[in-house]
Amino acid sequence: QVQLVESGGGLVQPGGSLKLSCAASGIIFSMYVMGWYRQTPGTQRELVATINTGGSTHYADSVKGRFTISRDNAKNTVYLQMNSLKPEDTAVYYCNAKHLVSALGPGYWGQGTQVTVSS
């Protein structure tokens with residue numbers, strides 16, 4: 001079975017940092033584009049950052065310069081380093097895996113991890 005297991009969420013004060021991890025199993029990790037999304041009650045899930053199989057990254061304007069996505073193919077893990085956190089970053093953060101050739105199969109989601117930024 002495919003599993004995306006997230007960790008690293010929690011409560012942090014504005015200006016603080018957190019690092020999220022997502023460990024994948026059941027997929028050939030190096031063939032997947034990995035991403036982080038976030039969602040708050042009443043909102044659609046929004047893209048935060050992606051990293052493709054070649055290491056190219058994309059960030060939402062709201063997090064660019066503050067967040068860094070990275071991947072370790074040897075560990076089948078994708079990370080999201082979050083710095084200079086703001087209250088508006090509060091959300092449930094979800095890990096996503098999509099095959100490089102997207103038509104070959106469905107995407108997969110992690111269970112989500114709560115990030116709360118509050119003083």
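Modeller: Let's start with Trp 109, which counts as partly exposed because its relative accessibility is 40% (buried means under 20% relative accessible area, exposed over 50%, and partly exposed in between, with a 1.4 Å probe and protein chains only). Keep in mind that this is a predicted model, where local features need pLDDT of at least 70 and side-chain atom pairs count only at pLDDT 80 or more, while totals for chains, interfaces and linings use all residues. Residues are numbered from 1 along each chain as its sequence is written, and side-chain values use heavy atoms, with hydrogens and water left out.

Now for the rings. A pair of aromatic rings is described by the distance of the centres and the angle of the planes. Rings of Phe, Tyr and Trp (its six-membered ring) pair if their centres lie within 6.5 Å; planes under 30 degrees apart are stacked, over 60 edge-to-face, and the rest tilted. That rule gives three aromatic pairs. One of them joins Tyr 37 and Trp 109: the centres are 5.0 Å apart and the planes sit at 70°, so we call it edge-to-face. Tyr 37 is in strand E4 (residues 32–39) and Trp 109 is in strand E10 (residues 108–109), so this pair ties together parts 72 residues apart in sequence. (Helices, H or I, of at least four residues and strands, E, of at least two are DSSP runs, numbered from the N terminus.)

Trp 109 also pairs with Tyr 94, again edge-to-face, at 6.5 Å centre to centre and 90° between the planes. Since Tyr 94 lies in strand E9 (residues 91–99) and Trp 109 in E10, that pair ties together parts 15 residues apart in sequence.

With 14% relative accessibility, Tyr 94 counts as buried. The charged end of Arg 45 sits over the ring of Tyr 94, 3.6 Å from the ring centre; to qualify, NZ of Lys or CZ of Arg must be within 6 Å of the ring centre and within 35 degrees of the ring normal.

Lys 19 does something like this too: its charged end sits over the ring of Tyr 79, 4.7 Å from the centre. Tyr 79 is in E8, opposite Ser 70. Strands E7 (residues 67–72) and E8 (residues 77–82) run antiparallel, joined by six bridges (strands pair if DSSP finds at least two bridges between them).
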